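Please look through the model shown here together with these notes, which are meant to be read slowly and checked against the picture as you go.

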Amino acid sequence: MLRLFSRFVFGEDWRVAGEYARWLILWLAPMFCNVPASLAARILRLQRDLFLVDVVLLGARAAALVLGGLWLEPLQTIIALSLVGALFNVALVGYVGVRLRTRAPAASGARL
């Protein structure tokens with residue numbers, strides 16, 4: 001169905017862009033779940049951990065682009081970039097979830 005839509009609406013020239021978008025959604029979908037996790041991490045005072053994740057993520061994305069540009073086809077490079085982003089986003093959400101569960105409960109009757 002998607003191919004029929006893109007073929008008639010955008011034309012055959014946009015086929016490659018559709019393939020890229022299909023793989024990039026793997027990276028973008030977990031990113032929407034990442035926003036609440038990032039905010040919760042700040043509330044839990046995990047800024048140092050967020051910074052380290054961002055630095056490693058930057059390096060991993062740069063490596064995916066550079067190594068993919070040297071040895072892979074463009075679509076394979078997009079797939080590698082998307083998978084790196086998705087894995088890091090899922091890992092961050094999981095990490096913050098674990099930290100939220102292991103956090104000591106607030107004292108009864110305590111005020112913010």
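**Notes on the predicted model**

1. Glu 19 and Arg 22 form a salt bridge, with their closest N and O atoms 3.2 Å apart; the term stands for a side-chain nitrogen of Lys or Arg within 4 Å of a carboxyl oxygen of Asp or Glu. Both residues belong to helix 2, where they lie 3 residues apart, about one turn of the helix. Glu 19 counts as buried because its relative accessibility is 19%, whereas Arg 22, at 34%, counts as partly exposed. (Buried means under 20% relative accessible area, exposed means over 50%, and partly exposed is in between, with a 1.4 Å probe and protein chains only.)

2. Before going further, please keep in mind that this is a predicted model, in which local features need pLDDT of at least 70 and side-chain atom pairs count only at pLDDT 80 or more, while totals for chains, interfaces and linings use all residues. Residues are numbered from 1 along each chain as its sequence is written, and side-chain values use heavy atoms, with hydrogens and water left out.

3. How many salt bridges does a search of the whole structure find? The search finds 2, and one of them joins Arg 99 to Asp 49, with the closest N and O atoms 3.8 Å apart. This pair links distant parts of the chain, since Arg 99 is in helix 4 and Asp 49 is in helix 3 (residues 47-71), 50 residues apart. Arg 99 is partly exposed, its relative accessible area being 34%.

4. For the overall plan, the protein has 4 helices and 0 strands, and reading along the sequence gives the pattern α-α-α-α. Helices (H or I, at least four residues) and strands (E, at least two) are DSSP runs, numbered from the N terminus. Of the 112 residues in the protein, 21% are buried. Among contacts with a separation of 6 or more, 74% are between residues 24 or more positions apart, a contact being heavy atoms within 4.5 Å.

5. The largest nonpolar core deserves a careful look, and its 8 residues are Ala 37, Ala 40, Ala 41, Leu 44, Leu 46, Leu 50, Leu 92 and Val 96. Helix 2 (15-43) and helix 4 (74-102) each supply at least two residues of this core, and the largest share, 3 residues, comes from helix 2. A nonpolar core is a set of buried Ala, Val, Leu, Ile, Met, Phe, Trp, Tyr and Cys residues joined through side-chain atoms within 4.5 Å. In soluble globular proteins, nonpolar side chains tend to be buried together. Not counting residues up to four places away in sequence, Leu 44 touches Arg 99, Leu 100 and Arg 103.

6. Ser 82 is found in helix 4 and is buried, with a relative accessible area of 0%; leaving aside neighbours within four places in sequence, Ser 82 is in contact with Trp 23, Leu 24, Leu 26 and Trp 27. Val 84 is also found in helix 4 and counts as buried at 18% relative accessibility. With neighbours within four places again left aside, Val 84 is in contact with Leu 57, Ala 60, Arg 61 and Ala 64. Val 84 and Ala 64 are 20 residues apart in sequence, and their C-alpha atoms are 7.7 Å apart in space.

7. The phi of Arg 45 is near 60°, which is a positive value in a residue other than glycine, and at 72% relative accessibility Arg 45 counts as exposed.
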